[in-house]
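Visitor: Please show me the model, and give me the grounds for each label you use.
Guide: Here it is.

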Amino acid sequence: MITIAILEDDPDMADLMGSLISGDGRKVVTFSTAGKFLDSLDKKIPDFLVLDMNLPGISGKDLLRVLRGNPRTSRLPILSVSGSMREISDVVSGLDLGADDYLRKPFDNREFRIRVDSLLARSRRQSAASETAADEEIAVGPLRISLDSRVVILEKRAVNLAPLEFELLIYLLRQRNRVISRHTLLENVWKGDPVMSTRAVDKRVEILRSKLGKFGSHIETVFGIGYVFKL
Amino acid sequence: MKSNKRILVIEDEADYRSIVSQLLEKEGFAAVSVETASEGIAELAKRIPDLIILDIGLPDASGLDVCRRLRSDPGTAGVPIILFTVRSELGQVSQALEYGATDYILKPFDIRTFVERVKAVLKSEDR
């Protein structure tokens, strides 16, 4: 059973979206406010989220930041839906901040259904792939990383990374183009080591950047929040 | 905003070809348009673009077949493809996405949506 969450304050739109994507093996749950949705995450993380970018009270962009900053929802497939006239920048930056696909209202019903289906299928393929990949190699631009042997090659030369730098790099690459908070990095890379502070994160990012030379500029600082590997 | 991105448009309807070229050029892209799949393949043999916009229903081939062919050719396998489709052909689109099309745009299209999707696909392919 797949759970699809719809976060939409207009009840008619929520009903329409729900009826378009419900079906066998799918359970659709709707939330009219971000608060209610975020509270629900304590009990269950859905398999998919349709997110209205025009919620009252919290902007879709801020909510995306929150969701992507939380390790439990950082990989949640999200289709953002935006509606108002002035939002050209909202749509593209919604993708930058971590939505996986987007639609403008008014949307074609069938297109909505197909985008949801495609994104669901894509995310299932991706999680299957990451489970079966044993000797996984990550290739990003001039960077080649062999996860098994923990070898990092940048433009055909080996880069000598300390274990924490390696873990940090892998984590950022896997979450590329998603903004990650320092706190999230502490939890996932430093495994919540209580002795470490966010200062340790900043220092390690600096070291990693300098070891990666020019390529290190892909790791961008997002002031007040954390870092993003931009590609 | 000038860009040196080259976009190949394979679209049989003259009106759409013209609108699309104008929109792309206005955004600073260099657009080449052709009417048939075979002309498109010939263009690709000359030069590999940064993006291919491909109509799903061409007179000499289905967009699906063209997608498959482009993906199996190492020269074009890495080029992002945006499919143009109409409502009645949306069913084919999910298949095409499985075969490697990057995204799709429904005709008739909203101009902003068209420009946004083109930019979003190009941006995500940028290294």
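Visitor: What makes the pair Asp101(A) and Arg115(A) a salt bridge?
Guide: The distance from N to O between their side chains is 3.1 Å. The term asks for a side-chain nitrogen of Lys or Arg within 4 Å of a carboxyl oxygen of Asp or Glu, so this pair qualifies. Asp101(A) lies in strand β5 (residues 101-104) and Arg115(A) in helix α5 (residues 109-132) of chain A, so the bridge ties together parts that are 14 residues apart in sequence. Helices (H or I, at least four residues) and strands (E, at least two) are DSSP runs, numbered from the N terminus.

Visitor: What stands behind these names and values?
Guide: Residues are numbered from 1 along each chain as its sequence is written, and chains are lettered from A and ligands numbered from 1 in the order in which they are written. This is a predicted model, where local features need pLDDT of at least 70, side-chain atom pairs count only at pLDDT 80 or more, and totals for chains, interfaces and linings use all residues, while side-chain values use heavy atoms, with hydrogens and water left out.

Visitor: How do you know whether Asp101(A) is buried or exposed?
Guide: Its relative accessibility is 9%. Buried means under 20% relative accessible area, exposed over 50%, and partly exposed in between (1.4 Å probe, protein chains only), so Asp101(A) counts as buried. Arg115(A), with 2%, is buried by that rule.

Visitor: Why is the contact of Glu165(A) with Arg204(A) called a salt bridge?
Guide: Their side chains meet at 2.8 Å, N to O. Glu165(A) lies in helix α6 (residues 163-174) and Arg204(A) in helix α8 (residues 198-212) of chain A, so the pair ties together parts that are 39 residues apart in sequence. Glu165(A) has a relative accessible area of 2% and is buried, whereas Arg204(A), at 22%, counts as partly exposed.

Visitor: What does the bridge between Lys107(B) and Glu11(B) tie together?
Guide: The side chains meet at 3.1 Å, N to O. Lys107(B) lies in strand β5 (residues 103-107) and Glu11(B) in the loop between β1 (6-10) and α1 (14-26) of chain B, so parts that are 96 residues apart in sequence are tied together. Lys107(B) and Glu11(B) are both buried.

Visitor: What makes a network out of several salt bridges?
Guide: Shared partners do: in this way Asp101(A), Glu111(A), Arg115(A), Asp103(B) and Arg117(B) are joined into one network. Over all chains the structure holds 28 salt bridges.

Visitor: Which residues form the patch of negative charge on the surface, and what makes it a patch?
Guide: Asp9(A), Asp10(A), Asp12(A) and Asp15(A) gather there. Patch members have over 30% relative accessible area and no salt bridge; like charges are joined within 9 Å, and nonpolar side chains (Val, Leu, Ile, Met, Phe, Trp, Tyr) within 5 Å. Asp9(A) has 31% and is partly exposed, so it passes the 30% limit. Asp9(A) is placed in the loop between β1 (2-7) and α1 (11-21) of chain A.

Visitor: Why is Gly63(B) called buried?
Guide: Its relative accessible area is 0%, so it is buried. Gly63(B) is part of helix α3 (residues 63-72) of chain B. Leaving out residues up to four places away in sequence, Gly63(B) touches Leu54(B), Asp55(B) and Ile56(B), where contact means heavy atoms within 4.5 Å. Its C-alpha atom is separated by 7.9 Å from that of Ala96(B), 33 residues apart along the chain.

Visitor: How do you know that the bond from Lys105(A) to Pro106(A) is cis?
Guide: Omega is about -5 degrees for that bond. Pro106(A) is in the loop between β5 and α5 of chain A. The bond from Lys107(B) to Pro108(B) is cis as well, with omega near -10 degrees, and Pro108(B) is found in the loop between β5 and α5 (111-125) of chain B.

Visitor: What makes Asn177(A) worth a note?
Guide: Asn177(A) is not a glycine, yet its phi is positive, about 65 degrees. Most residues other than glycine have a negative phi, and most peptide bonds are trans. Asn177(A) lies in the loop between α6 and β10 (180-181) of chain A and, at 25% relative accessible area, is partly exposed.

Visitor: How many helices and strands does each chain have?
Guide: Chain A has eight helices and 12 strands, and chain B has five helices and five strands. Along the sequence, chain B follows the pattern β-α-β-α-β-α-β-α-β-α. Buried residues make up 48% of the 231 residues of chain A and 50% of the 127 residues in chain B.

Technical notes. Areas by Shrake-Rupley, 256 points an atom, 1.4 Å probe, with all protein chains shown as cover. Lys, Arg positive; Asp, Glu negative; His and termini not counted. Charge placed at Lys NZ, Arg CZ, Asp CG, Glu CD.
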